Amino acid sequence: MTTARPERFASLDMFRGATIFLMIVVNTAGAGGAFTQLQHAPWIGFTLADLIYPTFLFAVGNAMSFALTRPMAEHVFLRRVFKRAALIFLLGVLMYWFPFLTHQADGSWIAKPFVVTRLTGVLQRIALCYLLGALLARYLRPSHLLIAAIGLVVAHWAILVGLSPTGEAFGRYRNAGTLFDLWLIGLEHLYKKDHGFDPEGLLGTLPATANVIAGYLTGLAIQRWGKHGATVGKLAAIGAALVVVALLFAPVLPVAKKLWTGSFVALTVGLDLILLGATLWLVEVRGVTLGRSFLQMLGRNPLAIYLFSELLVVVLELVHVDGEGLYTWVGLNAFQPIAPGPVGSLLCALVYTLVCCAFGWVLDRKGIILKV
């Protein structure tokens with residue numbers, strides 16, 4: 001007897017594609033200073049840019065809702081999940097080590113030592129959240145999975161409040177998560193720009209996994225509820241309720257992306273449910289096709305496109321023109337004269353993102369999908 005494969009929803013693939021597009025735009029702002037909403041909040045607070053990463057984790061969970069519902073022997077499942085998580089984590093480490101050389105002040109090049117390479121990061125957190133989320137989804141019922149997600153958020157809160165020095169629970173450098181990263185990983189392997197604090201530190205894996213679980217449960221719910229206006233209404237109602245919960249908790253549990261607090265989880269999951277509901281209504285209910293093939297193309301190969309976007313900008317900045325990295329120089333000399341300030345910065349990022357999309361299109365035409 002053959003088990004029917006779960007029906008794919010174009011809206012879910014488009015949602016993932018739009019997320020990777022916006023992620024590249026935010027990560028590669030051109031010279032001139034990005035709009036405030038396209039920059040991450042310095043600490044406590046929330047901007048549009050802060051929504052992108054948790055949305056990608058939410059989309060990872062959506063994809064899991066299709067992959068993990070297929071019959072699979074336990075040993076096959078475990079091998080695939082651990083292998084995929086390990087490879088994604090390794091790609092993240094190699095991405096930060098790249099280009100494996102460093103430019104000296106005298107113009108010479110030397111090998112970039114691994115001892116100063118960041119071990120935490122965006123892909124590393126995705127790998128850990130995927131691993132933990134997949135294991136929980138495999139062995140827990142959906143109702144118990146929801147309880148587990150809440151438990152992860154509460155555990156993170158309890159650790160911050162209970163194990164941080166007095167008054168430092170929501171601070172940058174002496175909260176329990178930072179102290180743990182410094183003890184286990186060491187300063188040289190953490191995010192360099194924050195001088196000892198890492199926004200993708202290990203403790204944040206706990207609440208970030210809740211975003212993956214939320215995406216997984218949402219994918220299951222959409223498959224069960226179907227492509228109907230009623231489904232959109234349910235997603236919007238649950239999403240709005242979570243936004244209200246986040247705002248109610250914010251005075252005692254601040255909304256902070258860099259700490260990935262529970263209120264940040266509730267807010268981002270709530271917004272994602274509303275946005276996904278809107279996408280579902282436009283695509284599945286109303287039948288809008290504008291941009292469908294483009295966004296689905298991005299959604300089919302997000303890892304390859306993301307890696308390309310990160311590595312290419314590093315290569316461009318290695319080429320110096322008039323004392324500036326090439327990408328910065330292009331932003332200053334090609335886009336700022338046309339539109340000074342944030343507009344020119346955004347135009348530069350959009351053009352670069354379209355270049356990365358063209359790379360994805362070439363891969364798609366050749367049938368090349370980066371699967372790990």
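This is a predicted model: local features need pLDDT of at least 70, side-chain atom pairs count only at pLDDT 80 or more; totals for chains, interfaces and linings use all residues.
## The largest pocket

The largest pocket holds about 1,600 Å³ of space. It is lined by 42 residues, and N27, Y96, Y191, K193 and E310 are the closest to its centre. Elements that give two or more residues to this lining are α1 (10-27), α2 (48-67), α3 (74-97), β1 (101-103) and α11 (302-318). Of these, α11 gives the most, with seven residues.

The pocket lining has 23 nonpolar, nine polar and 10 charged residues. Domain 1 (48-219) and domain 2 (289-364) both contribute to the lining, so the pocket lies between them.

## The α11 and α13 pair

Helix α11 packs with helix α13 (residues 342-365). The angle is about 130°, and the axes are 9 Å apart. The two helices are therefore oblique to each other. The crossing of α11 past α13 is right-handed.

## The cavities

The whole structure has two cavities of 30 Å³ or more. The largest cavity has a volume of about 110 Å³. Among its 16 lining residues, G177, F197, D198, G204 and K258 are the closest to the centre. Both α5 (142-163) and α6 (176-184) supply at least two lining residues. Helix α6 gives the most, with three. By class, this lining has six nonpolar, six polar and four charged residues.

The second largest cavity has a volume of about 40 Å³. Its lining residues include V25, F35, L38, P342 and L346. Helices α1 and α13 each give two or more residues to this lining, and α13 gives the most, with four. The lining has nine nonpolar residues, one polar and no charged.

Note on methods
Residues are numbered from 1 along each chain as its sequence is written. Side-chain values use heavy atoms; hydrogens and water are left out. On a 1 Å grid over the protein atoms alone, a cavity is a set of points where a 1.4 Å probe fits but cannot get out, and a pocket is an open set with protein on both sides within 12 Å along at least five of seven lines; lining residues have an atom within 4 Å of a point. Grid points are joined across faces, edges and corners, and a volume is the space filled by probe spheres set on the points. Ala, Val, Leu, Ile, Met, Phe, Trp, Tyr, Cys and Pro count as nonpolar, Asp, Glu, Lys and Arg as charged, and the others, Gly among them, as polar. Domain bounds come from an automatic or database domain assignment. Axes are lines fitted to C-alpha atoms, for helices over the stretch in contact, and angles run from 0 to 180 degrees between N-to-C directions. Angles under 35 degrees count as roughly parallel, over 145 as roughly antiparallel, 65 to 115 as roughly perpendicular and the rest as oblique. A crossing is left-handed if the near helix is turned anticlockwise from the far one by less than a right angle, and right-handed if clockwise.
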